[in-house]
Amino acid sequence: MTLQKPEVLLWFRQDLRIIDNPALNAALKSGVVLPIYILDDTDSQDWQMGAATKAWLHYALQSLNQTLHHRLQFFIGDPYEIIIELIDRYDIKQVFWNRLYTPWQVTRDKHIKAQLKAHAIDVHSFNGSLLWEPWEVLKNNGQPYKVFSAFKRQALQVMPPRAPLDEIKEMQNCLTEVKASNSSLADLDLLPQHEWSEKVLSQWQISEKAAHHYLATFIEHHLHDYQHNRNIPSLNATSRLAPFLHFGQISPHIIWDKVRQRKCDNDNKQTYLSEIIWREFNYALLYHYPQLSDHNWQQKFDHYPWQDNQRLLTAWQQGQTGVPIVDAGMRELWQTGFMHNRVRMIVASFLTKNCHIHWRHGAKWFWDCLVDADLANNSGNWQWVAGSGADAAPFFRIFNPVTQGQKFDGDGEYIRRYLSQLSQLPNQYLFSPWLAPESVLKQAGITLGKDYPYPVVDLKVSREEALANYKGL
């Protein structure tokens, strides 16, 4: 049997799906397709994938390969060298991909595109990741927006998000069976060599089909009361689609379209859609301000007296701060690769404003532990909480972790889920065990400093210090 010679090259990146994939749709219309994935962990430099996202990527690629009838080819190394070698080997004239937007990816892709065009290769790139390109939503003077509300208004006025593309019914005959690579998925070595990743990923289904299932479940059971329940961590009432969006296992256009079509209270729909636009805002910020991931967006924070305190940082990372809602969040992160968004704000505020530790340390820990670690969202959101970012929460907005726990985890279900040693403590003292009388602690089987730590900082004193530091700027 004669194998079909590939005519076009399709480079999968963070678009690991079949449904609503512009580059895939266009490639299939242009000839016999050689689909490839290249592990490029060199160009990313300081932002190589963390352990959690690597593990997620392994299963996302495994799922995509099955959908592509096991025709996906895996490579490791410099993308340009790999692509040009394949072009020469098979006399390919067209290359397709969906665009990426982090600074190192933009720089790499511009270089590759220029080099390929110099070799008379047609390069077709598409927007498969965002509702709007970062350069589409600008002020009248051509400058990027710095305030979310103004960005949102302009984005919705620029153009409505496009409708999802028609589903591809049959593609097997359009994919080459030529074996172009000697590498397998296992050769990418994405799975950590310890049980942590297995425990984390056991909490998830990782496939394009699962992404659509998560969306359908959210729309059916949680969208109608999203505005209220999204803040209650014990309910799991959010969509949990962030990791699927990051790796492109579902497109934002699908999410936007399905949510808009759902008949329910409009305020709940608009609140959720605003969260999708926040993602767009963060991507626009990183695109226009490439240093967002490493430098304070507001330069005055360069002079903030951050502390280099490894003891406090380690206690925070390990969920041993002695502040229950903070520790529960950090343990949820370690056990599931995820953290509820309300709790993310609480733990970030605690690290930056109570421990006075630079937001970059928190962002780096999230980057390694989150299955949805995304440079734009991670950087933008950490800077927002720290007060140093664009349209940031005012610095004096310091989340009180005790009152936050009381307000959003009133029955203590979330805290008890991750801090079993506090399970017998009555709600009156669950959020601040250090205030409990010795008799109450004894009855609950708790010895502070042994079964559960004392607080690593005084919440009131550290808050006052943070405000004084900020005033000093």
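Mentor: Happy to! On a 1 Å grid over the protein atoms alone, a pocket is an open set of points with protein on both sides within 12 Å along at least five of seven lines, whereas a cavity is a set where a 1.4 Å probe fits but cannot get out. This is a predicted model, where local features need pLDDT of at least 70, side-chain atom pairs count only at pLDDT 80 or more, and totals for chains, interfaces and linings use all residues. Residues are numbered from 1 along each chain as its sequence is written, and side-chain values use heavy atoms, with hydrogens and water left out.

Trainee: How much space lies in the largest pocket, and what makes that a volume?
Mentor: About 1100 Å³. Grid points are joined across faces, edges and corners, and the volume is the space filled by probe spheres set on the points, so that is what the value counts.

Trainee: Which residues that line the largest pocket are closest to its centre, and what makes a residue part of the lining?
Mentor: A lining residue has an atom within 4 Å of a point. For the largest pocket 37 residues pass, and E275, W278, N341, R344 and N381 are the closest to the centre.

Trainee: Which helix gives the largest share of that pocket's lining, and what makes a stretch a helix?
Mentor: Helix 11 does, with 7 residues. Helices (H or I, at least four residues) and strands (E, at least two) are DSSP runs, numbered from the N terminus. Helix 11 spans 266-288, so the run meets the limit of at least four residues.

Trainee: How many residues in the lining of the largest pocket are nonpolar, polar and charged?
Mentor: There are 17 nonpolar, 11 polar and 9 charged. Ala, Val, Leu, Ile, Met, Phe, Trp, Tyr, Cys and Pro count as nonpolar, Asp, Glu, Lys and Arg as charged, and the others, Gly among them, as polar. E275 and R344 are among the residues closest to the centre, and as Glu and Arg they count as charged.

Trainee: How many cavities does the search find?
Mentor: The whole structure has 3 cavities of 30 Å³ or more. The largest holds about 470 Å³, and Q14, L100, W104, Q105 and H246 are the closest to its centre among 36 lining residues.

Trainee: Where does W104 turn up again?
Mentor: In the second largest pocket, of about 260 Å³. W104 lies nearest its centre together with S44, Q45, W47 and D294. Helix 4 gives the largest share of that lining, 4 residues.
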